Amino acid sequence: MARIRHEGPLIIGGGLAGLSAALEAAPAKALVVTPEPLLNACSSAWAQGGLAAALSPKDSAVLHARDTEGAGAGLVEPEAARALTERGRETVEWLASLGAPFDRDEAGGFSVSLEAAHSLPRVARVGGDGAGRAILSAVVAAARASKHIEIWEDGRLRGLIQDVNGRVRGALIERAGGRVDEVFAPAVVLATGGVGGLYEVTTNPSALRGEGLALAYGAGAEILDPEFVQFHPTAIDVGLDPAPLATEALRGEGARLIDGTGAFLLGEDEDADLAPRDIVARAVHAARADGRGAFLDATRAVGEAFPHEFPAVFAACMRAGLDPRVSPIPVAAAAHYHMGGVVADDEGRTTVPGLYAIGECAATGVHGANRLASNSLLEAGAFGRRAGRAAAKEVQPPKATLKPARASQDLPPQAMAELRAAMTRFAGVVRDEEGLSALIAVIDRLAKAYPEAVVLTAARLIAEGALNRRESRGGHFRADYPDSLPTAEHTRMRLTLARDDEAEAAVLAALAATI
């Protein structure tokens with residue numbers, strides 16, 4: 001095991017949040033660690049819809065914040081929402097300055113489209129449905145060209161290193177070949193993405209399994225609202241893992257959700273299919289559960305324009321032997337975004353000194369119980385930039401005694417498949433006490449066999465949060481508690497251990513190292 005001292009922020013994750021932080025950390029040296037080459041295994045590159053921001057004359061940050069709060073079902077923090085939406089235009093313009101090729105209107109301004117639960121068109125797009133990859137490609141090019149950024153594309157987070165006072169001092173990083181190195185840094189920035197890979201049906205890279213969330217929890221960080229998982233209603237149901245996504249922008253253009261008989265799933269009103277995602281996801285889930293099937297019909301709304309207006313969706317359908325110009329697209333609700341996460345402010349600071357969290361693994365208060373469409377890329381860029389500047393100012397404290405750090409382990413494939421199936425069945429679109437209790441029993445059994453598998457901690461946080469929330473709100477729907485409580489309250493979780501301080505001191509004296 002090598003010991004490496006890095007003098008700037010150590011950033012775990014190479015998506016939009018992590019690379020935005022790295023770029024803004026200059027002139028401090030930023031080390032970005034990602035398990036695969038940039039643009040792979042990160043949700044940012046897969047985002048289709050675009051980036052929400054108040055860009056048109058009729059729009060404003062106030063209106064955008066109001067829509068954000070409305071979608072969040074009472075749990076959005078108003079100050080956080082304003083901090084986000086007020087940085088909308090500057091974030092889009094910053095990304096454009098890096099080369100992100102946003103669609104433009106005839107006057108040269110940003111072209112915007114309408115998505116669900118937005119009161120006005122405000123989603124800046126690229127090539128119809130290629131926003132994520134195009135935006136991230138520009139950011140990746142800028143990061144690779146920046147002399148202050150070092151990138152490891154074969155590194156995986158296996159643990160956090162803390163001193164006896166609880167401050168995070170670095171991380172255990174597994175490199176190619178299985179070697180685990182200790183990397184010490186003034187600040188560790190988690191940009192580890194969401195939890196979609198914990199589910200059998202997901203639109204996320206399956207490698208994203210909440211490991212950053214779990215390790216932060218183990219380090220004592222406060223976790224907010226882990227039960228709130230957003231299920232995208234229009235994953236393309238062709239048996240692929242992960243499931244390709246049919247962007248919400250299709251419904252913004254007039255595509256309709258129907259069952260196998262052609263009946264509308266959400267009613268005949270023209271805007272019925274633009275309801276918040278939790279409502280649409282439950283309608284799709286119910287139609288499939290009833291045996292009626294669920295389909296997205298864009299044959300009239302898009303038709304022959306598919307190849308150039310929505311090339312990513314068109315390509316995914318054609319690869320599966322389906323022509324969306326003439327046939328409705330079979331769809332399913334799939335785990336798509338985690339509203340919960342590690343409590344962090346708009347500069348990424350968590351409740352643990354030396355530890356930052358940004359992007360989907362963070363809970364900054366802007367998403368509440370149900371994220372507003374296309375706010376995720378905005379948050380990744382806007383708050384990622386702020387976190388990079390803040391983390392760059394951190395100074396490694398003097399030498400201190402360290403707590404022993406143990407590297408996490410993976411679940412074997414068969415056990416992982418069992419967990420994913422149980423998460424989809426019992427903590428999916430519709431939940432109840434019996435199912436959630438059964439899920440926790442599965443997690444308990446697997447934890448006895450694989451105690452170092454931190455994905456089980458992430459799954460447990462979601463399951464226990466869902467079991468304890470005896471109401472339905474936003475992305476969390478309990479069949480046995482279908483109504484919302486009068487007052488919206490957050491779920492807050494924090495690891496507390498009853499311990500004998502003298503015994504712990506003796507163990508630390510024997511096992512701890514000093515830097």
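Tutor: Let's go from the whole chain to single residues. First, this is a predicted model: local features need pLDDT of at least 70, side-chain atom pairs count only at pLDDT 80 or more, and totals for chains, interfaces and linings use all residues. Residues are numbered from 1 along each chain as its sequence is written, and side-chain values use heavy atoms, with hydrogens and water left out.

Student: Okay, how many helices and strands are there in the protein chain?

Tutor: The protein chain has 15 helices and 20 strands. Helices (H or I, at least four residues) and strands (E, at least two) are DSSP runs, numbered from the N terminus.

Student: Let's zoom in. Where is R469?

Tutor: R469 is in the loop between helix 14 (455-468) and strand 20 (492-493).

Student: Is R469 buried or exposed?

Tutor: R469 is buried, as its relative accessible area is 6%. Leaving aside neighbours within four places in sequence, the residues in contact with R469 include D225, E227, H476 and E489. Contact means heavy atoms within 4.5 Å.

Student: Switching to strands: how does strand 8 pair with strand 9?

Tutor: Strand 8 and strand 9 (residues 168-174) are antiparallel, with six bridges. Two strands pair if DSSP finds at least two bridges between them. Across this pairing, G159 stands opposite L172 in strand 9.

Student: How many residues of strand 8 are buried?

Tutor: In strand 8 (residues 156-162), six of its seven residues are buried. The hairpin of strand 8 and strand 9 has five residues between the strands, and G166 takes a positive phi near 95° there.

Student: Which order do the strands have in the open sheet of three strands?

Tutor: The order is 4-6-5, with antiparallel pairing. Strand 4 (51-52) and strand 5 (112-113) are the edge strands, each pairing on one side only. Strand 5 pairs with strand 6 (residues 123-124) over two bridges, and S113 stands opposite V123 in strand 6.

Student: What about the loop between strand 5 and strand 6?

Tutor: A117 is in that loop. Phi of A117 is near 70°, a positive value in a residue other than glycine. A117 counts as partly exposed because its relative accessibility is 27%.

Student: And what is phi for A73?

Tutor: A73 has a positive phi of about 55° although it is not a glycine. A73 is in the loop between helix 2 (61-71) and helix 3 (78-85), and is partly exposed at 24% relative accessible area.

Student: Last one: where is the peptide bond cis, with omega near 0°?

Tutor: That is the bond from D241 to P242, and P242 lies in the loop between strand 13 (229-236) and helix 7 (249-252). The bond from A26 to P27 is cis too, with omega near 5°.

Notes:
Buried < 20%, exposed > 50% of the residue type's maximum accessible area, 1.4 Å probe, protein only.
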